[in-house]
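Hi,

Here is the structure I promised to pass along. Have a look at it first, and then read on for what turned up.

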Amino acid sequence: MLGKEILFVEKNPQKIIGLDIRVENEYRRTARRPGYKIGELLRLASIMEMMENKVSHIKIYSKGSAVYFHSKYGFEPAIIAFADRNRALEAVMRNCDRHTSDYADKAENILTNVMCYQDDAELQRAACKETNALLKEYIQKVLKIGKPEETYPFDMGMDMMLTKRTVEKNREFYNRLFENTGIDYKV
């Protein structure tokens, strides 16, 4: 076995929940080894599964070490747990440098607000949406800077989601990935 992904396809409401994705250590990308793109093949297979089953989205809980990997394939933060939101904001603040200081300031503002209004559930939920938007921008910025796992690590995981709409909107990108990996599939 090179790698595997366990998915749960739910019919009502239609969604896919990614339960686990694993690639054997010897086939993972490291600083000394380019990798075999097994994770990419698994991720593309789950996208095919979503499209073929006409499912609205794939939801996963990404390990902190895999947040940037999943982001490269269109997954976006979809945090709903208040504690996860707070830890993600703290990670942005902790990894602040001259390239990301604006994001650290925004993260600090959100965190300050949620601490002031801990008993306001509506504000707490709104802060999750605000955090997801901030994290999406932050992750895209960090991916452009390079070496995100080393310089801007997330020490905790987070809920992430890829929607069918995102895949359809970016079909050229996904079709190129399918073609580059030798998969005969088009969105």
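Which side chain does Glu5 join through a polar contact of 3.2 Å? The partner is Arg43, side chain to side chain. Before going further, please keep in mind that this is a predicted model, so treat what follows as computed from it.

**Around Glu5**

Glu5 sits in strand β1, which covers residues 3-10. Is Glu5 buried or exposed? With a relative accessibility of 19%, Glu5 counts as buried, because the cut-off for buried is under 20%. Setting aside residues up to four places away in sequence, Glu5 touches Asp20, Ile21, Leu42 and Ser46 as well as Arg43.

**Leu44**

Leu44 belongs to helix α1. Its relative accessible area is 0%, so Leu44 is buried. Once neighbours within four places in sequence are left out, the contacts of Leu44 are Leu177, Phe178, Thr181 and Ile183.

**Helix α3 and what covers it**

Helix α3 runs over residues 82-94, 13 residues in total. From its first C-alpha to its last, α3 reaches 18 Å, close to the 18 Å expected at 1.5 Å a residue.

Which residues of α3 are buried? They are Asp84, Arg85, Asn86, Ala88, Leu89, Ala91 and Val92.

Asp84 lies in helix α3 and counts as buried because its relative accessibility is 10%. Apart from residues up to four places away in sequence, Asp84 touches Tyr61, Ile79 and Met156.

Ile80 is found in the loop between β4 and α3. Ile80 counts as exposed, since its relative accessibility is 59%. Even so, Ile80 is in contact with Lys59, Cys128 and Asp159, leaving aside its neighbours within four places in sequence. Ile80 and Gln124 are 44 residues apart in sequence, and their C-alpha atoms are 9.4 Å apart in space.

Now take another pair that is 44 residues apart along the chain, Ala66 and Ile110: their C-alpha atoms are separated by 24 Å. Ala66 is found in the loop between β3 and α2 (67-71), and at 17% relative accessibility Ala66 counts as buried.

**The second largest pocket**

This pocket has a volume of about 360 Å³. Its lining is made up of 17 residues, and those nearest the centre are Gly74, Glu76, Lys136, Thr166 and Asn170. Which element gives the largest share of the lining? That is α5, with 4 residues. At least two lining residues each come from β4 (76-77), α5, α7 (164-169) and α8 (171-180). By residue type, the lining divides into 6 nonpolar, 6 polar and 5 charged.

**Some backbone details**

Most residues other than glycine have a negative phi, and most peptide bonds are trans.

- The peptide bond from Asn12 to Pro13 is cis, with omega near -10 degrees. Pro13 is found in the loop between β1 and β2 (15-23).
- Lys54 is not a glycine, yet its phi is positive at about 50 degrees. Lys54 is in the loop between α1 (38-52) and β3, and counts as exposed because its relative accessibility is 58%.
- Lys147 also has a positive phi, near 45 degrees, in a residue other than glycine. Its place is in the loop between α5 and α6 (148-151), and at 56% relative accessibility Lys147 counts as exposed.

Cheers

Notes
Residues are numbered from 1 along each chain as its sequence is written. This is a predicted model: local features need pLDDT of at least 70, side-chain atom pairs count only at pLDDT 80 or more; totals for chains, interfaces and linings use all residues. Side-chain values use heavy atoms; hydrogens and water are left out. The expected span of a helix is 1.5 Å times one less than its number of residues. Buried means under 20% relative accessible area, exposed over 50%, partly exposed in between (1.4 Å probe, protein chains only). On a 1 Å grid over the protein atoms alone, a cavity is a set of points where a 1.4 Å probe fits but cannot get out, and a pocket is an open set with protein on both sides within 12 Å along at least five of seven lines; lining residues have an atom within 4 Å of a point. Grid points are joined across faces, edges and corners, and a volume is the space filled by probe spheres set on the points. Ala, Val, Leu, Ile, Met, Phe, Trp, Tyr, Cys and Pro count as nonpolar, Asp, Glu, Lys and Arg as charged, and the others, Gly among them, as polar. A polar contact is a pair of N or O atoms within 3.5 Å; within protein, one must be able to donate a hydrogen and the other to accept it, and residues adjacent in sequence count only if both atoms are side-chain atoms. Contact means heavy atoms within 4.5 Å.
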